[in-house]
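User: Hi! Could you walk me through this protein model, one step at a time?

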Amino acid sequence: MDSPEVPASEDVALNYTIKGASRSFISSIDEMAARADSVLQGETVVELDPETVDVSFVQDRIGADEHDFRDLLEAIRDRGQDSPILVRPHPRQSGRYMVVFGHRRLRAAKELKRKVRAVIREIKDRDHVVAQGQENSARENLTFIERARYAAALVGLGFDEDNSTVMAALSIDRTTLSKMLSVAGLPEAILNFMGAAKGVGRDRWYELKQLLDNPALLSTALDYVGQSQSASLQGPDAFNALITHLKAAKSRKRSKPKPVKRSWAPADGTLSADIISEGKRYSLALKAKGADAGSFGDYLSEHLDELYEAFRQQAMHKQ
């Protein structure tokens, strides 16, 4: 507790050594992230035809929360668009733009058939994702799984070998990124079943990931999400239903009945049998001082068809 405080500037080291050229590169990433919060301050705001603006090359949302969007739409209808979106000249199509952040405001402008207020900046792909990620982090309107899948998408773009850009964009450290990627690596069928899972935090996602590390439970989960009766569930309801189902399956496996053991021997005591009954499995082991065990075992094997048919007949008469 008496150790000196660590300077705030050291927090951006992101758990790896910074030397030489790496120091310069990381500094530039930190500057991008720092600028993201105030990237629109003092910039010229213009009005654009929303039909000339395309979505970002990397998506940070899973579907859309229609209730929240309708609230935003009505607010813009009544008061106008308070804050501009950030766009860049489209890197591949002349005369068009690409959204850096502000996708919902762009959609609202299209539905209202209004011009969209925007700031235009000439930025590169790396700056684009840092600004996009930082803006969403500041608004805190992305769910954990949306951030995790966004992180996985950025890692897939391969901006740098040590994922510095991804960590700067999402304001996370290497350990958190590793955990997010492990969750985002779950089967698509399960992730799509959950959707954005609004209200489900990272700890519960980590809990699900640990359950699904069990191959048997993973198979159970895939079967469950494919069931028609579960298709109507959405978001946190879908998540809670799956977790409950997996825990019940895990409990059933743990509460499997203990094997029932007994023994048998004929009146003359020439041999004996150890019998174990455990659910769907039944075993009988014969042993004797002489050759009787083998001989009796052969006899049973040769007459299994007859014994089974006699068992079936007896079972039918009992019904």
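**Sheet, cores and loops**

Analyst: An open sheet of five strands has mixed pairing and the order 1-5-3-4-2. Two strands pair if DSSP finds at least two bridges between them, and helices (H or I, at least four residues) and strands (E, at least two) are DSSP runs, numbered from the N terminus. This is a predicted model, where local features need pLDDT of at least 70, side-chain atom pairs count only at pLDDT 80 or more, and totals for chains, interfaces and linings use all residues. Residues are numbered from 1 along each chain as its sequence is written, and side-chain values use heavy atoms, with hydrogens and water left out.

User: How does strand 1 run relative to strand 5, parallel or antiparallel?

Analyst: Four bridges join strand 1 to strand 5. In one of the pairs, leucine 48 has valine 116 in strand 5 as its bridge partner. The direction of strand 1 relative to strand 5 is antiparallel.

User: Which residue in strand 4 is the bridge partner of aspartate 54?

Analyst: Strand 2 pairs with strand 4 (residues 97-101) in the parallel sense, over two bridges. The bridge partner of aspartate 54 is methionine 98.

User: Which helix packs on the sheet?

Analyst: This helix touches strand 2, strand 3 (85-89), strand 4 and strand 5 (116-120), where contact means heavy atoms within 4.5 Å. Its direction makes about 130 degrees with that of strand 4; axes are lines fitted to C-alpha atoms, for helices over the stretch in contact, and angles run from 0 to 180 degrees between N-to-C directions. The helix is helix 3 (residues 103-112).

User: How many residues does the largest nonpolar core have?

Analyst: A nonpolar core is a set of buried Ala, Val, Leu, Ile, Met, Phe, Trp, Tyr and Cys residues joined through side-chain atoms within 4.5 Å. Buried means under 20% relative accessible area, exposed over 50%, and partly exposed in between (1.4 Å probe, protein chains only). Residues with the most contacts inside the largest core include Leu154, Trp205 and Leu242. The number of residues in that core is 41.

User: Is lysine 113 buried or exposed?

Analyst: Lysine 113 is found in the loop between helix 3 and strand 5. Its phi is near 55 degrees, a positive value in a residue other than glycine. With a relative accessible area of 76%, lysine 113 is exposed.

User: And is asparagine 163 buried or exposed?

Analyst: Asparagine 163 lies in the loop between helix 5 and helix 6. Phi of asparagine 163 is near 60 degrees, again a positive value in a residue other than glycine. With a relative accessible area of 17%, asparagine 163 is buried.
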